[in-house]
Amino acid sequence: HLTKDIKFHNSSSLLGVGDDAAILDFCGKQTIVTTDLLLEGIHFDLTYVPLTHLGYKSAIVNFSDIYAMNARPTQITVSIGVSKRFSVEDLEDLYAGIRLACDRHGVDLVGGDTSASMTGLCISITCIGEGENGKIVKRSGAKENDLICVSGDLGAAYMGLQLLEREKAVFAGMKEEDIQPDFAGKEYLIERQLKPEARKDIIELLATKGIIPTSMMDISDGLSSELIHICKASNCGCRVFEEHIPIDYQTALLAEEFNMSLTTCAMNGGEDYELLF
């Protein structure tokens, strides 16, 4: 609604709002740009999210958008709004996570901004990437009879969130302060929620095999939502076979324990950051 009437003023702006990232062209090089905003109380709960993990995840979700264009992230800028309850040491933990993500993916942190905040912690990261001309993949290329592929299992991050929320509720009702949450046997689900990974390996594998997907995006909001985005952009429909949706055993066990629909968790849970192509 807010961006539907935006018109470009520069010939270097090739693709704007409507995909995982923008595409800019500078002297024949394809530049990819994406931004994510994370707000305390909306996107994360510091009751159970360590600041180092939050920093790592904040960077990774941006890298994932660049990989979803079949491109490589190269630089980020980091802007934060900080309320007075955070110490310098807290922010060092946050940046330690961001720097670890940058080191693992070969990305440069080149700038940003800091500001006071009245409402907790706000994180805004802009990521810039490079793509090869002719190899960048948009949402709009899907064709009839294309196979729908995902790079890994789905629903685990959502079940990890359910587990963390349950333990938070249990902790709130306890009087002893040394009570520890019980995550035994469910470590994979917690990791998928607190420390997701961007699928750089899949982009490298596709390049090695000489495969360029017809369309691609990352799964941040859930498989069903992302498929609708691809179908609308590509002007086609799709069919998903329930028995073929990849689901981890721990995800299935916890969904049964919580009496939740496993298919709904996998289709609608989100935050898997797997590639859909």
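At what angle do helix 3 and helix 7 pack, and how far apart are their axes? Helix 3 and helix 7 (residues 249-257) pack at about 45 degrees, and their axes are 9 Å apart. Helix 3 contributes A156, M159, L163 and R166 to the contact, while helix 7 brings T251, L254, A255 and E257; contact means heavy atoms within 4.5 Å.

The model is predicted: local features need pLDDT of at least 70, side-chain atom pairs count only at pLDDT 80 or more, and totals for chains, interfaces and linings use all residues. Residues are numbered from 1 along each chain as its sequence is written, and side-chain values use heavy atoms, leaving out hydrogens and water.

Now to the pockets. On a 1 Å grid over the protein atoms alone, a pocket is an open set of points where a 1.4 Å probe fits, with protein on both sides within 12 Å along at least five of seven lines; lining residues have an atom within 4 Å of a point.

| Pocket | Volume | Lining by class |
|---|---|---|
| Largest | about 790 Å³ | 16 nonpolar, 11 polar, 12 charged residues |

In the largest pocket, D36, H43, S220, D221 and Y273 lie nearest the centre, and helix 1 gives the largest share of the lining, 5 residues. For the second largest pocket, D146, L147, I148, C149 and R239 are closest to the centre, and helix 6 supplies the largest share of the lining, 4 residues.

Definitions and conventions: Grid points are joined across faces, edges and corners, and a volume is the space filled by probe spheres set on the points. Helices (H or I, at least four residues) and strands (E, at least two) are DSSP runs, numbered from the N terminus. Ala, Val, Leu, Ile, Met, Phe, Trp, Tyr, Cys and Pro count as nonpolar, Asp, Glu, Lys and Arg as charged, and the others, Gly among them, as polar. Axes are lines fitted to C-alpha atoms, for helices over the stretch in contact, and angles run from 0 to 180 degrees between N-to-C directions.
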